[in-house]
Amino acid sequence: MRPEKPRLTARSIALLALCSAMVYALQVALAAIPNGECVTLLFILFTLYFKTRTLYIIYTFALLEGATYGFGLWWFMYLYVWTILWAVVTLLGRRERSALFWAVTAAFFGLGFGLLCAPPYFFLGGWQLAFSWWVTGIPFDILHCAFNFFIVLFLFPPLNKLFSRLQSQGKLL
């Protein structure tokens, strides 16, 4: 027997839209910091609490990004890179709620972000283009790694506590 699909109610659609807008607004607000973002932190939390519904947030966020910055090659990367993070958190997050664990996970994701984004360049210009594109971005991936580690280490505990309390009060999905 198949598990039942989660129903989308007006309330859940509104909450998912609000979460999408929050992720987008925080990303825009931190755009001046090279690879500084709260997207990874929020997608980890959303995946732990909203499960499959987080995919609605991910794709709405990507759509908002594309509408703002243009639908270039990078946009297609956002569709699968953030889905990979969702899949990793889904696989690892069944019991894990340690801030250090998620900080390390977020750091590795930030460090590997450029590598995850390289495959389209392989199809456009071969391994040389993909490799050179990835290597050129390593300094930014290192910044992404460090920012993700510290933002998750310090903000995950209070946000996880808030989400847990809201879930116990029936205010989350």
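N35 is found in the loop between α1 and α2 (39-50), where helices are DSSP runs of H or I with at least four residues, numbered from the N terminus. The model is predicted, so local features need pLDDT of at least 70 and side-chain atom pairs count only at pLDDT 80 or more, whereas totals for chains, interfaces and linings use all residues. Residues are numbered from 1 along each chain as its sequence is written, and side-chain values use heavy atoms, with hydrogens and water left out.

**Loop residues**

- Most residues other than glycine have a negative phi.
- N35, although not a glycine, has a positive phi of about 55 degrees, and with 29% relative accessibility N35 counts as partly exposed (between buried, under 20% relative accessible area, and exposed, over 50%, with a 1.4 Å probe and protein chains only).
- K51, which lies in the loop between α2 and α3, is not a glycine either and has a positive phi of about 55 degrees; at 49% relative accessibility, K51 counts as partly exposed.

**Crossing of α1 and α3**

- The axes of helix α1 (residues 10-29) and helix α3 (residues 54-69), which are lines fitted to C-alpha atoms over the stretch in contact, come within 9 Å and cross at roughly 45 degrees.
- The contact (heavy atoms within 4.5 Å) is made by residues including L16, C19 and V23 of α1 and I57, F61 and L64 of α3.
- The residues of this contact of α1 with α3 divide into ten nonpolar, four polar and one charged, with Asp, Glu, Lys and Arg counting as charged, Ala, Val, Leu, Ile, Met, Phe, Trp, Tyr, Cys and Pro as nonpolar, and the others, Gly among them, as polar.

Terms used: Axes fitted to C-alpha atoms, helices over the stretch in contact; angles between N-to-C directions. Helix = DSSP H or I, 4+ residues; strand = E, 2+ residues; numbered from the N terminus.
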